[in-house]
Amino acid sequence: MSTARKGADRLFWFLALTGLIAGLVGLWTRLTVGHASANYGSYIPWGLWVSGYIYMIGLSAGAFVMSALVFVFRVKALERIGTLALLTALTTLIGALLMIWMDLGHMDRVWRMVLRTNFGSVMGWMAWLYGAYFVLLLVEFWQAMRLRLVLQADAPGLAGTLCRILTFGNRDASAASRRRDAARLRILGSIGIPLAIAFHGSVGAIFGVVGARPYWNSGLTPIIFLVGALLSGAALLAMVTAIWGPGKEDGDNTAIVVLIGRIILGLLAFDVILEWAEISIGLWSSLPAESASLKLILFGHYWWVYWGVHVGLGILLPALLLLFAGKRASAVGWAGGLIAATFMSVRLNIVIPGLAVPEMEGLRDAFQGPGLSFEYFPSSAEWLLFIFAVSTAALLFLLGKSLLPVVDHDANPDLEPQLQGGPGHVQ
Amino acid sequence: MNKQSKDPTTAPEREAASADATRVRREFLAKFGSGVFASLLAPALAGGALPALAQSPRRAPGALKMPDLPPETEGEDVVLRMMRELRRALAKPAAERRWSMVIDLRKCVGCHACTISCIAENKLPPGVVYRPVMEEELGKFPHVSRRFTPRPCMQCEKPSCTAVCPVSATWKRADGIVEIDYDQCIGCRYCLTACPYSARTFDAGHNYTDRTPENTPALVDRARAARYEQTKAHDYGKEWGREPDASPIGNARKCHFCVHRLEKGMLPECVTGCIGHATFFGDANDPDSLIAELIGRPNGMRLKEELGTQPKVHYLL
Ligand code: SF4
Ligand code: SF4
């Protein structure tokens, strides 16, 4: 590991651990005080936690689709990061589900989402889609790791023990078993793509179908969600690959990261076009109700979130890095990290401005009380719980990549056999 | 108007009838004189301050019998007429009723008595409000006026809040009232975003006594003040306390036209609590009812009519 990568690794361990410890305070507050500690309420019913959930679920869907490039479309240039992409998708999914579970008024009733599903509601579908996606991710991750687990099962120490346990007794490393792995991964990935599109499109549809909120109510909303997911997930993977990815030793890493960089640049351009379509049509709309939320985003109290965090740090700076230093892994890693981190501002700017415009102007002053306000800034308890969910996801990722043979640093040809021999290689 | 009583013809008969009417009215007023005061007294009763009144009908809703109403008289209070019509509606199957409300904005003086009486009746905690009164200033000096618009739940004929619920915890009942099953609701708040009238609020678990000091004998300390909050609410005809983490805390809440009162033959609290008689209530399917008469007026309107939600709350301008 180079010094820069070692430094980044240490920094992320430090951030994840500190975040988790600080976040425990948020968890404690959530479990003891409940929603009374939050600043969202009746007029702005969804806040930081819902935004954090759609943010992380988008990262997961995006990272998963990147893994599908390896296991379904067999893009050879990316094959060494297939499992890393799956681990990223799995851990961000766990963070997202943790976040939205904590957001429920009755956490203990979450099972009703499955046992009493209203399939007439887009949200009703979510539990099923997430359940299916979660199981699929677990199985696919194991399948992608199977051979590595077998090969590492005799290694000493904790990692070896873990590998031994996780092989579940299956020690077959024959060529036939590898071909079987490849075929199964292709099937799982093929099921996963429509599933990832369905569930993240549905997250967009949750917002898109709400006729009462003109800012959300558009057929474009699910598409914007999907493209945003692909962009933020791929961007996160660029950073992850640049720091922990394989091939640093044999020079392969740069090639992989640069390729992801090109994918990100394309997605960024597409995302900007969609954003332009959304903002221009909305702003030129003749109905003030349509443009009110957009005006809040662009010129409201929190204008700097859009212009500074999103446009400045999330679009312009990464675009410059990708355009002018796109051949350097560190620059692409930085660009990816910036896009992935600042994408939270995009998610906040979907949820909050859609709610912060009163449906009935007179309600603003009609009655006072906690939660009866159209102004919103997350409380410290909300920030801390959000940090808890993100840190948990980050820590699970760090533990996963440290304890499991997710990354093959030696470019051992034995470790990437799943893709060999099958038809449809993309070079 | 539907005449139910016989016309007394002779003077003694008229006197007897009038004395009878006065007695029934007195008894009636003694029982239902002021829902607001009854609601406000309930916490004190719960604390044992007025033990003699602890058997108030409000404390045991299941045991309540509808009192007799006085015979219909010329020029009587519209509340009495609406109560009579309410009972007529209750005699029908639920699916044949269409509970509706009319709010005469010309009569509303913006006193917020309906908001407060609703809070007292339903024991609403801080941050939960079923019927706020919106205030607008119209015109420029010297031609300025104010308009007051109470906003209960519209009990929409085509509600946009029910379809979105992921666990079917909210639905439109046979009588048209949109109900929330607090025991089913998971508190996702999707319905809050979907209601075009912001009629749903979230019970985040706040209490009026949250920052009240403990053990201050000279003052009403937390333990004693908390009695108000421990008084049971009766949303949808069930008893609801304020135990932490138990419903209705963590749920979506909204106006339910006081179904727990309707079922006992009483009008919604905001109707009886309105000092200007600006709110009317009844079964719109009853062609002889006051509500049907008012809904038919040409100066009526509904909020956001263009959305197609078909609110059952009408406004007279
Ligand atoms: S006013 Fe809102 S909460 Fe009430 S029925 Fe209509 S949509 Fe539902
Ligand atoms: S808050 Fe309750 S009633 Fe409303 S949509 Fe969620 S589960 Fe259904």
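Q: Which residue in β3(B) does Glu135(B) stand opposite?

A: Glu135(B) faces Phe148(B) in β3(B). A quick word on the source: this is a predicted model, where local features need pLDDT of at least 70, side-chain atom pairs count only at pLDDT 80 or more, and totals for chains, interfaces and linings use all residues. Residues are numbered from 1 along each chain as its sequence is written, chains are lettered from A and ligands numbered from 1 in the order in which they are written, and side-chain values use heavy atoms, with hydrogens and water left out.

Q: How do you know that β2(B) and β3(B) count as paired?

A: Two strands (DSSP runs of E, at least two residues, numbered from the N terminus) pair if DSSP finds at least two bridges between them. β2(B) and β3 (residues 145-150) of chain B are joined by 6 bridges, so they pair, and they run antiparallel. Their hairpin has 6 residues between the strands, and Gly139(B) there takes a positive phi near 80°.

Q: What makes β8 and β9 of chain B edge strands?

A: Each of them, β8 (279-283) and β9 (300-301), pairs on one side only. They belong to an open sheet of 4 strands with mixed pairing, in the order β8-β1-β10-β9 (chain B). The partner of β9(B) is β10 (residues 313-316) of chain B, running antiparallel to it, with 2 bridges between them. In one of these strands, β10(B), Leu316(B) is the bridge partner of Gly300(B).

Q: Why is the link between Asp103(A) and Arg189(B) called a salt bridge?

A: The rule asks for a side-chain nitrogen of Lys or Arg within 4 Å of a carboxyl oxygen of Asp or Glu. Here the closest N and O atoms are 2.9 Å apart, so the pair qualifies. The count between chain B and chain A is 1 salt bridge.

Q: How many residues of chain B are in contact with chain A?

A: Contact means heavy atoms within 4.5 Å, and by that rule 48 residues of chain B touch 40 residues of chain A. The buried area (accessible area, 1.4 Å probe, that two parts lose on being put together, summed over both) is about 3,500 Å², with carbon and sulfur atoms giving 58%. In chain B, Ile186(B), Arg189(B) and Tyr190(B) lose the most area to chain A, together 19% of what that side buries.
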